[in-house]
Amino acid sequence: MTGTNKIEFMLRAIELAQIGMDTNSGGPFGAVIVKENHIIGEGFNSVTSTNDPTAHAEIVAIRKACQVLNSFHLPGCEIYCSCEPCPMCLGAIYWARIEKIYFASNRIQASKINFDDDFIYSEISLDINKRKIKAEQLLESEGEALFQKWKAKLNKTVY
């Protein structure tokens with residue numbers, strides 16, 4: 001699908017969210033990735049139908065766009081999301097090097113229909129010892145040794 005403006009791309013993201021809801025695939029979320037005015041990846045939330053907590057619309061769209069471009073980076077791309085990306089999706093957007101995010105609903109609105117986006121954003125900003133899910137560091141020196149091996153590795157693909 002190609003489009004000529006931001007509204008068309010956002011409407012497609014919203015349409016995908018509706019399709020996902022209508023097929024009971026997952027929550028009310030859709031996303032499209034656009035490069036040079038063409039949709040190169042799209043998806044809707046399929047968390048509950050695939051039993052995959054990472055199957056958010058943005059992640060699905062990123063995976064498809066990366067396949068299309070045969071790359072793990074998406075420079076020159078924009079993402080249109082029916083809702084502000086959750087922290088996981090935002091991280092994936094940054095890792096993919098997508099250049100701009102457009103969204104319709106926001107995380108506060110999502111929290112009003114029982115999605116955890118806003119809660120997780122607030123958790124991330126807390127000190128690690130104050131988060132709901134406890135974390136404990138183990139074998140720090142072994143982990144650091146692994147990083148030093150990566151640093152010295154000559155034939156690595158940097159990302």
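This is a predicted model: local features need pLDDT of at least 70, side-chain atom pairs count only at pLDDT 80 or more; totals for chains, interfaces and linings use all residues.

Student: How do you know that the length of α1 (residues 6-22) fits a helix?

Tutor: At 1.5 Å a residue, its 17 residues should span 24 Å. The end C-alpha atoms of α1 are 24 Å apart, so the two agree.

Student: Which residues of α1 are called buried, and what makes them so?

Tutor: Buried means under 20% relative accessible area. Phe9, Met10, Arg12, Ala13, Leu16, Ala17 and Gly20 are the buried residues of α1. They cover an arc of only 155° around the axis, which means that they sit on the same side of α1. Their cover includes β1 (30-35), β2 (38-44), β3 (77-83) and β4 (100-105).

Student: What is on the face turned away from the buried side of α1?

Tutor: That face carries Ile7, Leu11 and Asp22. These are called exposed because the term stands for over 50% relative accessible area.

Student: What lines the largest pocket?

Tutor: This pocket has a volume of about 330 Å³. Of its 18 lining residues, Pro53, His56, Cys86, Phe115 and Asp117 are the closest to the centre. Two or more lining residues come from each of α3 (57-69), α4 (87-96) and α6 (117-125). The largest share, three residues, belongs to α4. By class, the lining has 11 nonpolar, three polar and four charged residues.

Terms used:
Residues are numbered from 1 along each chain as its sequence is written. Side-chain values use heavy atoms; hydrogens and water are left out. On a 1 Å grid over the protein atoms alone, a cavity is a set of points where a 1.4 Å probe fits but cannot get out, and a pocket is an open set with protein on both sides within 12 Å along at least five of seven lines; lining residues have an atom within 4 Å of a point. Grid points are joined across faces, edges and corners, and a volume is the space filled by probe spheres set on the points. Helices (H or I, at least four residues) and strands (E, at least two) are DSSP runs, numbered from the N terminus. Ala, Val, Leu, Ile, Met, Phe, Trp, Tyr, Cys and Pro count as nonpolar, Asp, Glu, Lys and Arg as charged, and the others, Gly among them, as polar. The expected span of a helix is 1.5 Å times one less than its number of residues. Buried means under 20% relative accessible area, exposed over 50%, partly exposed in between (1.4 Å probe, protein chains only). The arc is that of the directions from the helix axis to the C-beta atoms. Contact means heavy atoms within 4.5 Å.
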